[in-house]
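Q: I have just opened this one and would like to go through it slowly. Can we start at the surface and work from there?

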Amino acid sequence: YENTGYKQEATAFAQYGYRLKRWLIHAEAQYRYARFDYTGTAAIAPLTWHFLNPKAGISYQITPKQTLY
């Protein structure tokens, strides 16, 4: 068999941070879209994925050179 694959991909990213004295609250999110299409002699259905990767955290600045996550 002989097939050719085609890939479409998109991604978006957002980040937010809020500082309150020595505290830092932060959040991030990444969205990713991927689609694979194939043409050729073997019948392969298109594949589509949607991903959302969230991330959040809090850190505390103990001294100017030390931070606790």
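Q: Which residues form a nonpolar patch on the surface?
A: In this predicted model, the nonpolar surface patch is formed by Y16, Y18, L20, W23, I25 and I58, which together have about 660 Å² of accessible area. A patch takes residues with over 30% relative accessible area and no salt bridge, joining nonpolar side chains (Val, Leu, Ile, Met, Phe, Trp, Tyr) within 5 Å and like charges within 9 Å. Accessible areas come from the Shrake-Rupley method with a 1.4 Å probe, and for residues only the protein chains shown count as cover.

Q: Which strand gives the most to the patch?
A: That is β1, with three residues. Both β1 (3-20) and β2 (23-40) supply at least two residues of the patch each, while I58 is found in β3, the strand of residues 47-63. Strands here are DSSP runs (E, at least two residues) and helices are runs of H or I with at least four, numbered from the N terminus.

Q: What should I know about the numbering and the cut-offs on the model?
A: Residues are numbered from 1 along each chain as its sequence is written, and side-chain values use heavy atoms, with hydrogens and water left out. Since the model is predicted, local features need pLDDT of at least 70 and side-chain atom pairs count only at pLDDT 80 or more, whereas totals for chains, interfaces and linings use all residues.

Q: OK, and in what order do the strands sit in the sheet?
A: The open sheet has four strands in the order β1-β2-β3-β4, with antiparallel pairing; two strands pair if DSSP finds at least two bridges between them. Its edge strands are β1 and β4 (66-68), each of which pairs on one side only. From one strand to the next the twist averages 25 degrees, where axes are lines fitted to C-alpha atoms (for helices over the stretch in contact) and angles run from 0 to 180 degrees between N-to-C directions.

Q: How many bridges join β2 to β3?
A: There are 14 bridges between these two antiparallel strands. As one example, W23 has Y60 in β3 as its bridge partner.

Q: How many aromatic pairs does the count come to?
A: The count comes to two aromatic pairs, where rings of Phe, Tyr and Trp (its six-membered ring) pair if their centres lie within 6.5 Å, and planes under 30 degrees apart count as stacked, over 60 as edge-to-face and the rest as tilted. W23 and Y60 form a tilted pair, at 4.7 Å centre to centre and with 50 degrees between the planes. That pair links distant parts of the chain, since W23 is in β2 and Y60 in β3, 37 residues apart.

Q: Are those two buried, exposed or partly exposed, and what relative accessible area does W23 have?
A: W23 is partly exposed, with a relative accessible area of 45%, and Y60 is also counted as partly exposed, at 27%. Buried means under 20% relative accessible area, exposed means over 50%, and partly exposed lies in between (1.4 Å probe, protein chains only).

Q: Why is the pair of F36 and W49 called edge-to-face?
A: The ring centres of F36 and W49 are 5.3 Å apart and their planes lie at 75 degrees, so the pair counts as edge-to-face. F36 lies in β2 and W49 in β3, so this pair ties together parts that are 13 residues apart in sequence.

Q: Changing topic: how many salt bridges does the structure hold?
A: The structure holds three salt bridges, each being a side-chain nitrogen of Lys or Arg within 4 Å of a carboxyl oxygen of Asp or Glu. E9 forms one with K7, where the closest N and O atoms are 3.3 Å apart, and E9 also meets R32 in another, at 2.4 Å from N to O.
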